[in-house]
Amino acid sequence: MLYREGLRTTFVNIVSVCRVCCKLFKKKICGNTNHIFAFSAQLLGSKMGHTITDDIEVKVSAKRLWFALVKDSHNFLPKSLPDKIAGIEYEGPPNTPGSIRTVKFHKETHGVLHVKEKIEEINDEELYLKFSVLEGGFGALFRHVKVALHFKDGPVPGTAILHLKVEYEAIGEHQKPPEDGRERLIGDIKAIEAYLQTHNDYS
């Protein structure tokens, strides 16, 4: 009996919430159980989390790439991507959990002129960095964006595998990043690779 009452209470609560949501979203809903749960799934689905992973091969050692791309990014990125990165500023000690990093661009990309990030985790031994996006970048399209970068040695000496993981919560119609996002990322990584191959920095 208690189990049955619990189910009934849960169902009534769901129906009540759905009816309120329907008024807010100006949608009509009937008393059909299947319709109610279908609409509930639609509402909840728009806020579900998504994860994207990718492995990018780089012809530079993992440690060298780590020091350039992470530890000295405020000096390195404007040099290696001069047409894209205008500058990088830190709030708080650089490369420490809780510090804020703002990357400024020369021109807009998908309406974004800067990206503000908060470092969540950083491990110099594991060559691992995790940060959340506060403004700009994916943060302009999604919510609760977290990016993890893990630099690993590649199969050939002097090479690396950059493992990328992006977690985010979709907003409305924006369910996936722009289609050219990976292409632009690969282009940046290749430019960084070319710079390190032709300079002795961080060796």
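Strand β5 (residues 128-135) pairs with strand β6 (residues 143-153) in the antiparallel sense, over five bridges. Keep in mind that this is a predicted model. Within this pairing, Tyr128 has His150 in β6 as its bridge partner.

Strand β6 also pairs on with strand β7 (residues 160-169). These two run antiparallel as well, joined by nine bridges. Here Asp153 has Ala160 in β7 as its bridge partner. β6 and β7 form a hairpin, with six residues between them. In the turn, Gly158 has a positive phi of about 85°.

| Strand pair | Sense | Bridges |
|---|---|---|
| β5 and β6 | antiparallel | five |
| β6 and β7 | antiparallel | nine |

Now to the nonpolar core. Which residues touch the most other members of the largest nonpolar core? They are Phe76, Leu77, Val147, Leu149, Phe151, Ile192 and Leu196, out of 38 residues. Helix α3 (residues 62-71) gives the most to this core, with six residues. In soluble globular proteins, nonpolar side chains tend to be buried together.

Take Phe76 from that list. Leaving aside residues up to four places away in sequence, Phe76 touches Ala68, Leu69, Ile192, Tyr195, Leu196 and Tyr202.

Finally, look at Ser73. This residue is found in helix α4 (residues 73-80). Is Ser73 buried or exposed? Its relative accessible area is 0%, so Ser73 is buried. The side chains of Ser73 and Tyr90 are joined by a polar contact of 3.3 Å. Not counting residues up to four places away in sequence, Ser73 touches Ala68, Pro78, Ile88, Tyr90 and Arg101.

Conventions: Residues numbered from 1 in each chain as written. Predicted model: local features only at pLDDT ≥ 70, side-chain atom pairs only at ≥ 80, totals over all residues. Heavy atoms only, no water. Helix = DSSP H or I, 4+ residues; strand = E, 2+ residues; numbered from the N terminus. Buried < 20%, exposed > 50% of the residue type's maximum accessible area, 1.4 Å probe, protein only. Polar contact = N/O pair within 3.5 Å; in protein donor to acceptor, adjacent residues only side chain to side chain. Contact = heavy atoms within 4.5 Å. Pairing = 2+ DSSP bridges. Core = buried A, V, L, I, M, F, W, Y, C linked by side-chain atoms within 4.5 Å.
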